[in-house]
Amino acid sequence: ALSPARSSDPPPWPLSPRVSGSWPAARESPRRAMDGLLGPKLLYGKEEVPTLSLAGVGVVGLYFSAHWCPPCKAYTPQLRKVYERAKAKGKSFEIIFVSGDRDDDSFRTYFGTMPWYAIPFADEVRKKVLKDTFHITGIPSLVLLSGTGNLLDKSARAKVMTPSFLSTLPRIVDLKDWGPVPSEPVSLVVRHNGQEHEIECEPDEGWELLRMQIFSVTEVPEEQQRLFGLGVVCGPVDESVPLPKALAAGLAAQRGSGLRIADVPDSRRSASSSFKDEASGAGHHRGRLDSEQAWVPKAEDKAAWYQLDLGAVSEVAGVVVAPRADAGQFVTKLRVSFAEAEGGSFAPVDGAREFEACVTMPQQPLRILFASAVRARMVRIEPTACHGGHRALRADVLLAGAEADVPPEIVVLGNASKEDPFEVRSAAGPDPSTRMMEEQHLAMLQAKLSNLPPRLQHEVRGLEGAKKYEDRGLQRQALDDIPVCALDRLVREGGASEGYDVAFMRKVLLWYKKFFFQWTN
């Protein structure tokens with residue numbers, strides 16, 4: 001039997017930062033490698049699914065644990081938090097539970113608390129082979145593998161709890177197969193400092209030539225260019241991804257951008273409930289895309305829906321959704337159903353498929369396209385998962401049409417100063433002069449905190465909390481999370497009378513306060 005791991009066990013070695021070529025591409029993940037290691041079937045919830053479900057995953061964790069083990073029962077909720085944060089951040093990460101439980105009932109009870117996969121309990125041979133292969137002598141233990149089954153770290157239990165771990169994981173958007181890559185020139189919209197330019201990009205000529213083209217229209221030196229967009233919602237584009245594949249992602253993100261939005265008025269919007277029983281168009285029942293807030297149902301409304309009446313039967317190609325405008329609350333998954341008449345029966349879209357929705361706040365309106373257009377007058381959106389504790393939603397309907405899609409966009413930022421955190425590339429410590437300045441700064445913070453009234457000291461939560469705003473590691477993580485394209489759009493739509501750069505920084509600071517530090521703290 002496995003024994004609980006000792007607290008004196010040495011911590012795992014650090015996983016190297018993600019660099020060009022560090023992670024295998026999704027298409028290189030051979031089915032036979034994972035099938036041979038894990039078997040042809042896995043459990044997911046109460047269902048048995050093929051191991052092929054892991055195809056395209058960048059990093060897989062094997063979690064050796066058991067219900068009877070007290071350290072395991074303490075560790076599992078913390079691991080679940082890391083896993084859910086990784087999912088919320090669009091990271092390509094999965095976990096497979098390898099049970100050390102003594103009976104099936106204990107296994108099912110324990111596995112019921114986990115949101116990931118498991119080796120079937122009855123497959124004793126498979127579990128023993130995995131334990132012997134990775135020399136598991138104590139639990140809880142966590143082994144990290146690449147999507148092709150290569151060993152990345154055989155002792156990752158402590159590492160996944162470090163703040164920097166999520167930054168080492170590959171993004172789903174960088175590994176996903178976006179279909180055929182373009183071979184002909186692609187039109188790109190380049191935005192910088194509130195100005196818009198259009199260029200023709202040759203896919204086969206690579207990132208270096210693209211940067212030269214961007215310099216020719218923005219005058220931002222190549223070494224200072226930070227590129228955002230091409231379908232990447234949060235953080236900069238990853239230039240270890242071949243340019244043709246990145247362009248394919250950008251084209252996919254713009255699919256349906258030429259479709260007309262129905263712009264359903266408040267008078268033809270209804271819902272199963274609203275947070276404070278407000279009427280449509282008021283309070284928590286403001287679900288238009290241009291609303292300052294969002295529709296939010298009552299917490300006890302477990303089967304909530306938001307309905308849009310088109311007034312007449314139309315060809316519906318999809319829906320468009322957005323997060324709440326003034327808080328970090330949004331729907332992450334949803335289903336859609338439709339009816340041809342008021343009071344008619346509703347049918348699910350695409351076989352009751354669960355669509356992926358918003359991933360951050362703010363976020364540009366997200367188009368969700370159906371496999372094929374449906375004839376409908378009533379369109380009903382049913383949230384199935386959310387972020388921020390409330391199913392906040394702004395939405396409208398996409399009408400079928402033949403308008404051309406808008407070209408992919410790139411937003412270009414340049415260095416603000418020599419101390420630009422974009423230049424933080426390693427975990428190396430600061431030089432002596434920088435360290436001295438940081439120590440002086442922290443001493444000043446300590447003096448300020450000691451003079452605050454007790455109530456405010458409690459709010460600040462001491463020096464350690466204040467230090468997080470100066471932490472370079474957290475700044476690095478923030479740069480991987482900032483929704484630059486959405487912030488750029490807000491600034492352009494707001495007019496930016498004080499100047500683009502100042503207005504943009506205001507949006508960044510607001511995001512930092514309202515969204516980033518919600519999970520950091």
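A search of the whole structure finds 23 salt bridges, and one of them joins the side chains of K89 and D481, with N and O 2.3 Å apart. This pair links distant parts of the chain, since K89 sits in the loop between helix 2 (70–88) and strand 5 (93–99) while D481 belongs to helix 12 (residues 472–481), 392 residues apart. D481 is buried, because its relative accessible area is 10% and the limit for a buried residue is under 20%. The model described here is a predicted one.

**Further salt bridges**

A second bridge, at 2.1 Å from N to O, is formed by the side chains of E409 and R191. Here too distant parts of the chain are linked, with E409 in strand 21 (residues 409–413) and R191 in strand 10 (residues 186–192), 218 residues apart. Both partners are buried: E409 has a relative accessibility of 13%, and R191 has a relative accessible area of 12%. A further bridge connects D326 with R324, whose closest N and O atoms are 2.5 Å apart. In that pair D326 is partly exposed, with a relative accessible area of 30%, whereas R324 counts as buried at 13% relative accessibility. Salt bridges with shared partners also join R191, E196 and E409 into one network.

The three bridges described above are set out in the table.

| Salt bridge | N to O distance |
|---|---|
| K89 and D481 | 2.3 Å |
| E409 and R191 | 2.1 Å |
| D326 and R324 | 2.5 Å |

**A buried glutamate without a salt bridge**

E278 is found in the loop between strand 14 (269–271) and strand 15 (306–322). Although E278 is buried, it has no salt bridge, and the nearest side chain of opposite charge, that of K276, is 5.6 Å away. What E278 does have is a polar contact of 3.3 Å between its side chain and that of H284. When residues up to four places away in sequence are not counted, E278 touches G283, H284 and H285.

**Aromatic pairs**

The count of aromatic pairs comes to 15. Among them is the pair of Y63 and Y75, which is tilted, with 5.9 Å from centre to centre and 40 degrees between the planes. Y63 lies in strand 4 (residues 59–65) and Y75 in helix 2, so this pair ties together parts that are twelve residues apart in sequence. Y63 is buried, with a relative accessible area of 0%, and Y75 also counts as buried, at 11% relative accessibility. The rings of Y500 and F504 likewise have their centres 5.9 Å apart, but their planes lie at 15 degrees, so this pair is stacked. Both Y500 and F504 are part of helix 14 (residues 500–520), where they stand four residues apart, about one turn of the helix, and both are buried. Ring pairs also link Y63, Y75, Y83, F93, F97, F107, Y110, F111, W116, F121 and F165 into a cluster.

**Cysteines**

A disulfide is a covalent bond between the sulfur atoms of two cysteines. The structure holds zero disulfides. Another cysteine, C485, is buried in helix 13 (residues 484–494).

**Helix 13 and the overall fold**

The buried residues of helix 13 include V484, A486, L487, D488 and V491. Helix 13 is followed by G495, which has a positive phi, near 95 degrees. Taken as a whole, the protein has 14 helices and 21 strands, and buried residues make up 46% of its 521 residues. Among contacts between residues at least 6 apart in sequence, 72% join residues at least 24 apart. The bridges of K89 with D481, 392 residues apart, and of E409 with R191, 218 residues apart, are examples of links between distant parts of the chain.

Key: Residues numbered from 1 in each chain as written. Predicted model: local features only at pLDDT ≥ 70, side-chain atom pairs only at ≥ 80, totals over all residues. Heavy atoms only, no water. Disulfide = S-S within 2.5 Å. Helix = DSSP H or I, 4+ residues; strand = E, 2+ residues; numbered from the N terminus. Buried < 20%, exposed > 50% of the residue type's maximum accessible area, 1.4 Å probe, protein only. Lys, Arg positive; Asp, Glu negative; His and termini not counted. Salt bridge = Lys/Arg side-chain N within 4 Å of Asp/Glu carboxyl O. Polar contact = N/O pair within 3.5 Å; in protein donor to acceptor, adjacent residues only side chain to side chain. Contact = heavy atoms within 4.5 Å. Phe/Tyr/Trp six-rings, centres within 6.5 Å; stacked < 30°, edge-to-face > 60°.
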